[in-house]
Amino acid sequence: MIIPLYILYWVFVILLFFVLATVLAAGINRVVSSSRQAREKAFRAKARELLLSFSRETGEGRINLLRDITEFLTPDTAEHVALALHRLEPPSRREVVELFETEGLVSHFTRLLKAGSKWNRAKAARILGELNLPVASAALYKALDDSDPDVRNVAARSLSRLRHPMAQSVLISVLGKHEEPVSSRIAAIFIEAGAASVPLLIKNMRNDNWRARFWSAEILGQVGDQRAERVLISALGDSSADVRSAATKALGKIGTGASVEHIVPLLKDEEWFVRCHAAWALGQLKAVDVIGELAEGLRDRSWWVRKNALEALANLGDSAIPALMHALEGDDRFARESALEALQKLGVEVRGSGREGTVRAR
Amino acid sequence: MTYLHLMALEEALYIASIVILIYFSALQVVLLALTLLSFMDMRRRLRQNYYTDFECMARSHFTMPVSIVIPAHNEADVIVQCVDSVLSLDYPEFEVIVLNDGSTDETLSLLKRAFRLVERRFVYRKSIPTGEISAIYKSASRPNLTVVDKQHSGKSDTLNIGINLARYHLFCSIDADSLFQSNALLRIVRPILESPEEVVAVGGQVRVANGCVVEDNRVVEPRLPRRTLAAFQVVEYLRAFVASRLGLSRINNLLILSGVFALFKKDMVIQAGGYKANTVTEDMELVVRLHRFIRETREKGQRYRVVFLPDPICWTEVPVSLRNLARQRNRWHRGLIQSISQNIKMLFNPRYGSVGFMGMPYYFFFEMLGPIVEFVGYLLIPLGYFLGILSLTYLVTFLLLAIVAGTLLSTLAVLLEEASFGLYKGWGDFARMMSLALFENFGYRQLTVLFRVKASVDFLFGRKDWAKTKRESDTR
């Protein structure tokens with residue numbers, strides 16, 4: 001016998017046992033998960049129905065419904081009720097949120113947010129965000145420093161829903177401190193707040209942390225408030241290339257003619273992405289006085305800078321035509337072709353060029 | 001045959017069977033370990049999704065823009081639906097670049113009509129060396145659509161042109177005959193948003209579209225295919241994608257991202273040299289080379305990841321005839337051998353870290369040599385019986401063992417699918433999937449082993465063609 005038969009036999013029996021166990025587990029999982037899904041669906045529907053009826057009823061009926069909601073409200077169903085709260089008008093909403101407090105659920109989830117397992121902390125952060133209670137915001141700010149990125153992410157998302165007046169002054173201190181999704185969520189809070197957040201962001205442009213300055217410049221660009229122009233111009237000389245780049249981009253969106261002379265030197269910045277944004281910004285600002293400098297950009301060693309310089313020139317309209325015609329005669333093949341493309345964008349018909357065979361118009 | 005000959009044969013059979021048994025046991029242990037890792041990772045991913053606000057991501061200014069590259073060679077049957085489906089993806093900023101790779105059918109004219117294409121002057125910069133472009137068209141109706149016309153030069157070169165033309169720092173390669181969930185792009189980009197420094201490539205899950213109910217270019221009701229050959233592939237895809245790749249991704253040893261739906265950091269791919277021409281499976285070759293390139297050039301302590309995600313789902317038609325299945329599997333396996341052999345220096349090389357000691361050995365010993373060992377097993381054991389060395393009981397037990405081991409991996413993959421997505425709702429589909437997991441071991445598995453053994457022989461004889469399979473649609 002090559003390998004004792006009994007070994008093969010036992011291996012076979014064990015594997016067969018596992019196959020049957022797997023099939024059984026899959027079947028049980030199907031039953032359990034469908035009943036769990038049905039239960040969750042029923043909870044969701046009931047929470048929605050209770051809250052909708054509550055918002056419509058008055059007098060005795062309303063009191064009865066409040067009692068029904070209290071009975072329904074448990075740590076298991078709290079998430080469904082919290083997620084349905086946005087359907088209520090503020091006064092009704094306040095009453096239901098008070099129930100969360102009187103039933104001890106706010107303190108329960110605040111505790112859970114500090115000491116629960118990872119996904120319980122995430123769940124608690126989500127519920128507290130939906131409740132929009134000032135008392136919960138402190139716990140959510142703390143959760144931004146949670147050891148787990150998923151919890152930090154949910155906490156940032158919840159904070160973005162709070163719209164608490166104190167939120168911005170606290171959040172500005174953590175801007176740029178976390179990973180990209182959390183930072184962009186915090187940035188979204190400031191963007192949504194709009195002009196009201198500008199003074200804080202302007203102040204934050206003096207922060208020692210370059211990431212904080214970078215995110216502030218990014219947000220100022222998105223908010224689009226010209227009060228930020230001066231501080232953004234100062235940031236063009238920042239030691240961090242990321243900040244210089246973000247400030248240039250922001251000035252392209254909100255700057256005025258005063259920004260142009262400060263942006264031009266950045267066409268010679270050592271980092272390609274700064275030069276690239278500088279060219280773009282000058283195009284946006286319709287800087288017709290710096291056409292020569294932009295035409296120089298067509299010869300930059302970085303393709304992105306050349307591309308943006310080309311688009312900027314095309315953006316400047318007819319004033320850029322002489323510079324582009326001049327670029328057609330240059331040594332750089334890409335600059336010639338780019339100039340040709342820009343001229344065509346401007347509606348100029350070019351038939352051939354000084355360098356036969358390299359640039360041809362159709 | 002003399003007694004001495006028989007003795008020698010018995011000795012040879014003994015050694016061979018020991019080798020096969022060790023191999024077989026090691027394979028089972030590795031696959032079970034990968035499935036276990038997949039279970040753990042799947043649980044985490046699904047919870048993450050529950051707490052992810054995709055709507056917010058879809059509106060955010062900070063969600064990175066993506067260039068979607070679609071190579072198309074004679075795709076007239078599907079191209080307009082595919083582009084429509086991609087253009088309606090839920091994503092804040094993206095562009096679609098369709099590359100008509102010298103189609104001889106109506107592909108380009110259909111695109112021109114459907115999207116009101118207008119020819120544009122262009123400047124084409126070759127970050128990666130490629131062939132030439134004949135024309136570039138922009139859509140008058142969809143500003144983020146670009147169509148490129150070019151001579152036929154193969155998929156790798158076409159994809160490289162797409163990369164050269166891409167405006168954004170992330171590009172996503174997709175196949176023209178695939179269907180997507182509306183938030184598939186948001187889901188696939190998520191790991192890069194979370195770790196922009198670390199993650200260099202992300203792959204999504206490919207599922208079988210045959211038999212599914214499709215409305216407005218979206219799969220609205222996943223169903224098992226009516227044809228058995230396609231239905232076997234559903235279980236096979238579950239095993240490959242859900243069970244195996246997710247596990248390999250967890251330990252950052254994934255060497256394949258399906259070209260049907262994968263997202264890459266453009267600068268990294270350009271630095272690595274782009275897709276390589278004359279490769280049979282350009283998607284695997286690129287991922288192996290990315291691992292190699294990064295491990296050769298990275299600074300000490302610099303981390304990187306190639307990630308597979310189970311939730312961005314892409315649906316694709318699988319072959320329903322044996323002939324097409326044979327061609328597809330032949331190409332896949334030749335591609336695998338080619339990618340491994342071109343990067344064989346990574347095998348057990350400490351310079352390549354865990355990829356050299358886990359990923360490469362896994363693909364070399366189990367994926368590449370697996371079919372040959374299995375084939376030899378199928379020959380040797382019956383041979384032993386016919387020569388009177390093995391008893392009938394032994395032969396039957398050995399075959400049953402092979403069947404039950406194969407079934408276990410498939411049922412585990414079905415369990416994983418059930419415990420995670422549960423896309424196939426009816427009990428009928430469940431029963432059918434379980435029976436497919438069992439019956440694929442009676443013929444289908446052996447057939448795919450044969451296809452792959454033939455692919456190994458073809459590779460040895462220098463066959464390098466792409467062998468495109470003919471489309472056989474049977475979605476509902």
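Q: In which sense do β6(B) and strand β11 (residues 261-265) of chain B pair, and over how many bridges?
A: Strands pair if DSSP finds at least two bridges between them. Strands (E, at least two residues) and helices (H or I, at least four) are DSSP runs, numbered from the N terminus. Here β6(B) and β11(B) pair in the antiparallel sense over five bridges. Ser173(B) has Ala262(B) of β11(B) as its bridge partner. This is a predicted model: local features need pLDDT of at least 70, side-chain atom pairs count only at pLDDT 80 or more, and totals for chains, interfaces and linings use all residues. Residues are numbered from 1 along each chain as its sequence is written, while chains are lettered from A and ligands numbered from 1 in the order in which they are written.

Q: Which way do strand β1 (residues 66-72) of chain B and β6(B) run?
A: They run parallel, joined by four bridges. Cys172(B) in β6(B) is the bridge partner of Ile68(B).

Q: Are the faces of β6(B) covered or uncovered?
A: In a regular strand the side chains alternate between the two faces of the sheet. A residue is buried if 20 or more other C-beta atoms, placed from the backbone, lie within 10 Å of its own. Both faces of β6(B) are covered. Leu170(B), Cys172(B) and Ile174(B) lie on one side, Phe171(B) and Ser173(B) on the other, and all are buried.

Q: What is the strand order of the open sheet in chain B?
A: The ten strands run β3-β4-β5-β2-β1-β6-β11-β8-β12-β7, with mixed pairing. β3 (117-120) and β7 (178-180) of chain B each have a single partner strand, so one side of each lacks a neighbour in the sheet. The twist averages 30° from one strand to the next.

Q: At what angle do helix α5 (residues 105-115) of chain A and α6(A) pack?
A: Axes are lines fitted to C-alpha atoms, for helices over the stretch in contact; angles run from 0 to 180 degrees between N-to-C directions. These two helices pack at about 140°, with axes 8 Å apart.

Q: How many residues of chain A are in contact with chain B?
A: Contact means C-beta atoms, placed from the backbone, within 7 Å. Here 39 residues of chain A are in contact with 38 residues of chain B. On the chain A side, α1(A) gives the largest share, 16 residues.

How values were computed
Two residues are in contact if their C-beta atoms, placed from the backbone, lie within 7 Å. A residue is buried if 20 or more other C-beta atoms lie within 10 Å of its own, exposed if 12 or fewer, and partly exposed in between; C-beta atoms are placed from the backbone.
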